[in-house]
There are 2 protein chains.
Amino acid sequence: MNAINPAVSTGPLPASRKVHKPGLIHPQIRVPMREIAVHPTAGEPPVTVYDPSGPYTDPTVETSIENGLARLRHGWIKARGDVEFTEGRSVRPEDNGFASGERLTPEFPARHRPLRAKADKAVTQLAYARAGIITPEMEFVAIRENLGREIVRGSLLRDGEAFGAVIPDFVTPEFVRDEVAGGRAIIPANINHPESEPMIIGRNFLVKINANIGNSAVTSSMAEEVEKMVWAIRWGADTVMDLSTGRNIHNIREWIIRNSPVPIGTVPLYQTLEKVGGVAEDLTWEIYRDTLVEQAEQGVDYFTIHAGVRLHYIPLTVDRVTGIVSRGGSIMAKWCLHHHRESFLYEHFEEICDIARAYDVSFSLGDGLRPGSIADANDAAQFAELETLGELTKIAWAKDCQVMIEGPGHVPMHKIKENMDKQLDVCGEAPFYTLGPLTTDIAPGYDHITSGIGAAMIGWFGTAMLCYVTPKEHLGLPDRNDVKTGVITYRIAAHAADLAKGHPAAKLRDDALSRARFEFRWEDQFNLSLDPETARSFHDQTLPKEAHKLAHFCSMCGPKFCSMRISHDIRAEAQKEGMAAMAAKYREGGDLYVPVNETSEQS
Amino acid sequence: MNAINPAVSTGPLPASRKVHKPGLIHPQIRVPMREIAVHPTAGEPPVTVYDPSGPYTDPTVETSIENGLARLRHGWIKARGDVEFTEGRSVRPEDNGFASGERLTPEFPARHRPLRAKADKAVTQLAYARAGIITPEMEFVAIRENLGREIVRGSLLRDGEAFGAVIPDFVTPEFVRDEVAGGRAIIPANINHPESEPMIIGRNFLVKINANIGNSAVTSSMAEEVEKMVWAIRWGADTVMDLSTGRNIHNIREWIIRNSPVPIGTVPLYQTLEKVGGVAEDLTWEIYRDTLVEQAEQGVDYFTIHAGVRLHYIPLTVDRVTGIVSRGGSIMAKWCLHHHRESFLYEHFEEICDIARAYDVSFSLGDGLRPGSIADANDAAQFAELETLGELTKIAWAKDCQVMIEGPGHVPMHKIKENMDKQLDVCGEAPFYTLGPLTTDIAPGYDHITSGIGAAMIGWFGTAMLCYVTPKEHLGLPDRNDVKTGVITYRIAAHAADLAKGHPAAKLRDDALSRARFEFRWEDQFNLSLDPETARSFHDQTLPKEAHKLAHFCSMCGPKFCSMRISHDIRAEAQKEGMAAMAAKYREGGDLYVPVNETSEQS
């Protein structure tokens with residue numbers, strides 16, 4: 001691996017091909033999807049799946065970390081005529097924690113002059129949506145969300161409980177515009193991140209997942225972080241948050257953004273704290289403000305802002321079992337207490353909005369007082385902050401800024417729905433973006449699972465994006481395997497939620513895989529799964545030979561006990577006997593099915 | 001490892017000590033529990049947890065596979081005066097699949113003459129309960145279920161949504177008797193398995209989990225199977241099902257039962273099919289009946305009986321995406337179709353009950369028509385069979401037999417609760433015992449997770465026991481690591497369900513672990529977790545030094561960004577400021593909290 005131009009994971013997933021669909025309103029857009037081919041004996045078309053992995057899985061595109069990705073949205077943004085180049089803020093030594101010489105991560109080779117809005121124009125997707133404009137970004141996500149729906153459209157039997165979500169049979173660009181205009185969905189798309197492929201976060205769309213990456217004071221380099229991002233999206237992360245602390249934050253982030261086809265989120269407070277030497281009390285609005293501009297110019301797509309941690313809420317956390325567990329929340333609480341002042345994030349929130357609207361940085365209003373244990377779930381501190389997040393949502397909307405709301409945390413199952421219901425109510429249906437929640441505290445090492453349970457449930461109830469938790473949560477820094485496990489677990493949670501909500505296209509992949517399973521198409525089972533490599537390797541541990549992938553049984557039961565094999569025998573008899581008609585008769589309450597005598601067949 | 005007397009995993013879990021509580025009604029009983037010590041600085045008593053691991057984790061007991069476990073219930077059973085020794089059925093070559101010579105698994109060294117009921121006495125816990133008798137088994141489970149409740153009794157704030165379950169503040173032996181008498185709970189306790197430590201399965205008790213083991217035609221020996229059982233209970237399996245097929249079934253099962261402190265379940269149809277050379281059509285009631293007696297005499301605690309797969313339901317499966325996926329269900333369907341006859345299990349169900357009542361074998365009425373894919377969930381075939389299981393439940397109860405009901409399978413989240421509600425209604429509140437359910441089909445290799453989500457939910461809704469699913473489900477045979485992963489995942493699901501139901505003692509362990517986390521007692525966090533070894537090893541991957549286990553931060557954030565460390569600072573300020581009083585004032589709607597000026601403290 002070259003330090004300047006490191007290798008990342010590339011190449012298609014098994015049996016998969018990247019396809020692109022053009023726009024109708026905006027013919028220049030090319031919406032990527034992944035087609036998974038199935039065996040010719042199936043007599044089925046390929047299965048089309050959502051694909052956030054970007055050009056890295058497209059063998060027809062040569063990627064180079066040093067060049068970054070193609071700036072596909074640049075033309076769309078310029079064409080709107082409401083932005084201009086600026087010289088931008090100069091990079092200062094403190095932006096990289098005063099790293100120098102060999103310890104300084106090299107700058108990204110190309111320097112793109114940042115764009116910002118002209119005068120006080122709002123260049124947000126929300127502003128366009130309110131003005132009735134269908135942007136290329138909106139049409140892009142409309143096409144992207146429709147995966148496979150064309151096939152089922154018309155023949156659709158809707159089956160699900162959506163708890164008030166309104167998922168259309170078919171997503172039109174106008175539907176997207178209307179959802180964005182109403183604040184029910186966001187398209188995080190900083191004008192300085194033209195490399196991104198637009199995606200939407202809202203409860204009337206597919207449930208999305210986020211993966212966190214980030215270096216720390218001692219570990220991981222730029223190369224590792226870029227690879228972690230590429231690796232996370234390869235397995236299905238829809239957005240990536242760079243939670244770096246320590247040195248080189250600015251330069252590493254630049255490499256990540258220039259190479260990321262998914263929106264990048266950050267917590268600007270972390271870099272701000274580094275700039276003041278890690279002393280929370282020394283934070284100032286001016287340094288924070290400058291950091292927002294720095295990151296907005298780089299192209300960060302959404303900011304977590306812990307502006308809901310108000311001074312008078314802090315006493316509510318004192319009797320908690322685990323106090324304040326949000327890093328941003330605890331830092332702001334410390335600042336507030338020390339200065340005996342209201343949070344500068346809260347007091348300056350309108351100015352923060354003015355910055356965000358000039359670059360279209362979306363807000364992820366942070367839950368600084370989220371519960372860190374089952375004991376603290378749904379307490380006064382948590383819900384007091386949520387009320388404030390609702391208040392801030394309205395301020396942001398008044399400034400044409402896109403908003404989502406962060407949620408807990410650690411919550412037992414019976415208290416999960418209250419979180420969703422309250423959030424919808426208090427925050428005017430702004431999208432909810434939750435961490436887990438973890439449904440028990442007793443399984444460190446398995447918190448991807450304790451939280452995957454809660455994530456699936458809250459996703460079903462209406463959460464629009466789920467922030468992953470890896471097996472290392474509470475214990476250590478996730479490595480490559482942990483990132484993959486976290487992403488796959490959360491893809492499961494998000495998909496289970498889509499199914500339960502009755503998303504019209506979600507079931508297509510389940511059904512295709514189940515048919516492959518029933519027809520002993522082993523290769524198709526592997527290829528249609530979320531993690532073909534693992535599925536194949538598990539199978540091969542017991543039945544390694546290629547011939548076994550054609551076997552009409554598997555290793556769990558062997559041929560004599562294979563229920564699916566026997567089911568095929570039963571089905572064969574059914575064809576002889578007209579059992580379908582018998583079944584219909586039985587369903588209608590006719591006589592019991594008493595078939596005529598016939599000959600045996602070999603089992 | 002010695003082929004005859006193999007080693008199994010023994011020794012206590014970290015910081016853990018086996019304790020025993022005596023009975024009051026039956027002073028001879030000694031109920032095992034595990035006490036996890038915490039660091040003296042915590043100033044807290046040890047945390048008592050439920051412990052199904054048997055004497056293997058008790059260093060004061062020397063175990064030997066060749067001797068089997070102590071026959072602790074033998075005296076209790078004899079003292080009831082309603083059983084007698086019989087010569088029992090002789091072992092026949094077909095019982096072990098005609099294995100001979102070196103291929104024959106040696107017999108268990110000791111031969112215990114089997115007991116059976118005198119005349120037509122019913123020797124079931126249900127019969128005793130109905131007669132108003134509190135057996136030692138009932139008092140044993142009452143004490144066992146009360147873990148830690150003594151501590152919270154009185155001070156208890158109940159918090160949960162139990163969906164009609166009635167979990168008492170304190171479990172008395174009389175409560176247990178009443179639950180068993182009403183059929184709402186079962187104590188699987190064959191009179192020929194006196195080595196077992198009684199446990200109860202019912203929705204008004206702690207949610208239990210089952211682990212499946214079993215050899216197949218080609219793999220695994222007796223030694224491996226005994227170790228799999230010991231390994232599964234070490235991590236928390238409450239019962240174990242031996243699903244062996246192939247040769248040596250009889251002898252391997254004998255080794256398992258003689259060494260198992262937990263109830264052992266089987267599917268007698270599997271051995272019966274082996275006896276007829278794997279040809280479903282050749283099954284007969286006589287061979288099946290003889291197999292039931294064979295297994296009842298060995299001490300099998302519960303039988304899965306697929307008596308609900310009736311002839312006229314089979315046509316209902318023909319249009320399914322995945323047909324019949326239960327092995328037992330498909331075998332019986334094949335038999336029924338071939339002979340054009342009603343299932344012999346259904347027709348002879350009363351005789352099956354007569355056998356079960358003579359040994360106290362509980363029934364697990366199998367769901368032979370459970371859905372094998374999201375597409376087939378909650379369909380006509382599935383619910384038709386459930387109606388029949390309800391009918392069979394009443395027959396079994398009339399014969400004083402204990403019954404639980406097996407459930408699906410593959411079910412999307414929005415269709416899970418209907419399964420539970422229907423089961424409660426149709427089966428008169430007999431305990432529900434479900435496999436998963438898996439909430440999506442698209443993640444082979446991760447089906448412990450797809451199913452863990454469904455298991456947690458259905459456990460919350462009222463399922464009494466959850467059958468684990470390992471990562472190898474659909475792909476291959478689980479190895480040691482897979483068994484452990486499956487058990488831990490299902491312990492998470494069961495515990496999350498207990499918390500959500502509002503089980504009065506469930507939260508004690510979460511709270512103890514959360515306090516340890518907040519107070520940086522790393523060793524206590526590891527020791528209180530479901531898998532101390534994994535928690536510790538994950539921590540050590542990033543911060544390996546012993547000194548780091550005293551650190552007041554962890555590797556994710558480092559000291560500057562440690563929210564818990566900052567929370568401690570905040571709490572210290574609170575003590576100076578009387579913030580608790582301020583919080584109370586705020587909650588009462590008083591003025592905003594505006595603290596007086598004071599000096600900074602170091603972060």
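Figure 1. A:E174 comes out as partly exposed, with a relative accessible area of 39%. Everything shown here and in the other panels is a predicted model. The side chain of A:E174 meets that of A:R177 in a salt bridge, 2.7 Å from N to O. A:R177 is buried, at a relative accessible area of 12%.

**Figure 2. A salt bridge between B:R130 and B:D400.** Here the closest N and O atoms are 2.7 Å apart. This one links distant parts of the chain: B:R130 belongs to helix α2 (residues 125-130) of chain B, while B:D400 is in the loop between α13 (380-398) and β13 (403-407), 270 residues apart. B:R130 is partly exposed, with a relative accessible area of 41%, whereas B:D400 is buried at 17%.

**Figure 3. The buried pair A:R89 and A:D290.** Their side chains form a salt bridge of 2.8 Å, N to O. A:R89 lies in the loop between β4 (83-85) and β5 (115-117) of chain A, and A:D290 in helix α9 (residues 285-298), 201 residues apart. Both residues are buried. They also belong to a network of salt bridges that links A:R89, A:R92, A:D95, A:R253, A:K275, A:D290 and A:E294. For scale, the whole structure has 94 salt bridges over all chains.

**Figure 4. Where chain A meets chain B.** The contact takes 132 residues from chain A and 132 residues from chain B. Between them the chains bury about 11,300 Å², with 67% of it on carbon and sulfur atoms. A:K334 and B:D569 form a salt bridge, their closest N and O atoms being 2.7 Å apart. Across the interface there are 4 salt bridges, along with 29 residue pairs in polar contact. Sorted by class, the side of chain A that touches chain B has 64 nonpolar, 39 polar and 29 charged residues.

**Figure 5. The surroundings of B:H306.** B:H306 sits in the loop between β11 (302-305) and α10 (327-339) of chain B. With a relative accessible area of 3%, B:H306 is buried. Its side chain makes a polar contact of 3.5 Å with the side chain of B:S326. Leaving aside neighbours within four places in sequence, the residues in contact with B:H306 include B:V267, B:M332, B:L345 and B:D367.

**Figure 6. B:S537 in helix α19.** B:S537 is part of helix α19 (residues 532-542) of chain B. At 34% relative accessibility, this serine counts as partly exposed.

Terms used: Residues numbered from 1 in each chain as written. Chains lettered and ligands numbered in written order. Predicted model: local features only at pLDDT ≥ 70, side-chain atom pairs only at ≥ 80, totals over all residues. Heavy atoms only, no water. Helix = DSSP H or I, 4+ residues; strand = E, 2+ residues; numbered from the N terminus. Buried < 20%, exposed > 50% of the residue type's maximum accessible area, 1.4 Å probe, protein only. Polar contact = N/O pair within 3.5 Å; in protein donor to acceptor, adjacent residues only side chain to side chain. Contact = heavy atoms within 4.5 Å. Buried area = accessible area lost by both parts, 1.4 Å probe. Nonpolar A, V, L, I, M, F, W, Y, C, P; charged D, E, K, R; others polar.
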